[in-house]
Amino acid sequence: NVLILDFGSQYTQLIARRVRELNIFCEILPYNNLPVDLTDFKAVILSGSPYSVRSNEALHPDLSEIKGKIPMLAVCYGAQYLAHFFGGEVAPSDTREYGRANLDFIADDILFKDVPQNSQVWMSHSDTIKTLPKNAVLLASTKDVKNAAYKIEGEKTYAIQFHPEVYHSTDGTQLLKNFLVNIAGVQQDFTPNAFVEETVEGLRQKIGKEKVVLALSGGVDSTVAAVLLNKAIGKNLYCIFVNNGLLRKNEFQNVLNQYNGMGLNVKGVDATERFMNALAGLEDPEKKRKAIGRVFIEVFDDEAKLIDDATFLGQGTIYPDVIESISVKGPSATIKSHHNVGGLPDFMKLKIVEPLRMLFKDEVRRVGASLGIDPELLGRHPFPGPGLAIRILGDITQEKVRLLQEVDAIFIEGLKEHGLYNKVWQAGAILLPVNSVGVMGDERTYEKVVALRAVASTDGMTADWVHLPYEFLMEISNKIINKVKGVNRVVYDISSKPPATIEWE
Ligand code: XMP
């Protein structure tokens, strides 16, 4: 187990992802919230930070149980922190050191095993290490940054000014491997199969003979969480899949069939009317979201009460949500209003079980694959909880939902038929609250406009609109206008995030 101490750097999550790519398990903790017992950790990595070690705001970790005792790699802020507080000197640099650089000196040291001379690294700092701390040995330099890497003699303490976790540091993963495997002796044994085995055993011990309720959404996370729980406790897992009437066309039935086929103990609850009643007349996006969230909890609670003495609530929370919820102050602490942590209503006094809380999204998919879950299900685009309600601008009616379902189905089917579905991160259609004039035969029409949206992204925080082929857009547009009565115009959204968001509401 590897510990990453977070000082609020925008790159902290990336360090964790690189470490995981090496099949090594790691955990991020805020610099000021260390567990009392650190004996489980075989290595510690200190992250970068937006703060300067010289400022009053500098973050002070307690390294007394780490430095010199556990192998430690200090990155950027970490490297400067060690220099500044252990006998060296840090000063503002004359030029801002930002971007690519090359290591023109590399010492013969195990940290740089298989890292070639002139290796490209990524710099992002405004202070510079003028003199190294006590007992330090210089390990690498660039043209502008003499003290780019050093180690402390007699300790397994290493420090690097650049960011090995950033893709532009071409040998960054190799360097992390050298530190973790060759210096710290960490095993590369964190594989999907190992995760499944360990998690299932852990769930069995934690839950015993008690019952778990879990809301399935049709998405990847809740499905993988359910399959893991099912493997651990079988029929004591009670899954509830709610139809809020705002899913894609035929989705409720199709996904329910799929869940049944997977042997899950699942109950489908069609609550379309309850949701529609709650939404009637609401136009404001946040009011719609709140109404849907409220009704969902009511429906779920009603269903959960029907299960005698359930004691656990299963959730598909994944690691980025957890990191956000425990994060230090600082720029990586932005919390989306719709994230999943803390979603437990007060009146449901259940213990929480979250089998995926230590996994990143891509790891959830790999675990899902190793569990034999249908690749099509694992590859599904993200779909927002409030569903089509936030893609129908303005108030919601069943008729509008039906119309948008038809349009959306044509678009999504088309993407699949043309082999484009997997090239897109998320796609959907939006029903606009305007009518436009058209002609059909000799008739003038005055009908709805729909927008199509397809974006490329890795985590939804930023997104680029996808350059779908014109021929494809032409075919889809014709199909929609010919087949969906009530729509006479199709537009394509060419806005990226930021400044636009992925959803229109
Ligand atoms: P935005 O529109 O904020 O969307 O760029 C980013 C990602 O979040 C999804 N999204 C939601 N998911 N409840 C959800 O469960 C919501 O209220 C919600 N709003 C946006 C969106 O589909 C995209 O994947």
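Tutor: Helices (H or I, at least four residues) and strands (E, at least two) are DSSP runs, numbered from the N terminus. This is a predicted model, where local features need pLDDT of at least 70, side-chain atom pairs count only at pLDDT 80 or more, and totals for chains, interfaces and linings use all residues. Residues are numbered from 1 along each chain as its sequence is written, and side-chain values use heavy atoms, leaving out hydrogens and water.

Student: Happy to start! How many helices and strands are in the protein chain?

Tutor: The C-alpha trace spans about 85 × 60 × 40 Å along its principal axes. The protein chain holds 13 helices and 18 strands.

Student: What share of the residues counts as buried?

Tutor: Buried means under 20% relative accessible area, exposed over 50%, and partly exposed in between (1.4 Å probe, protein chains only). Of the 505 residues in the protein chain, the buried share is 53%.

Student: And what share of contacts joins residues at least 24 apart?

Tutor: A contact means heavy atoms within 4.5 Å. Taking contacts in the protein chain between residues at least 6 apart in sequence, the share joining residues at least 24 apart is 74%.

Student: Why does D374 count as partly exposed?

Tutor: D374 sits in the loop between helix 10 (361-370) and helix 11 (375-378). D374 counts as partly exposed because its relative accessibility is 34%.

Student: What separates the C-alpha atoms of G419 and E198?

Tutor: G419 belongs to the loop between helix 12 (398-417) and strand 15 (426-440). At 42% relative accessibility, G419 is partly exposed. G419 and E198 lie 221 residues apart along the chain, and their C-alpha atoms are separated by 37 Å.
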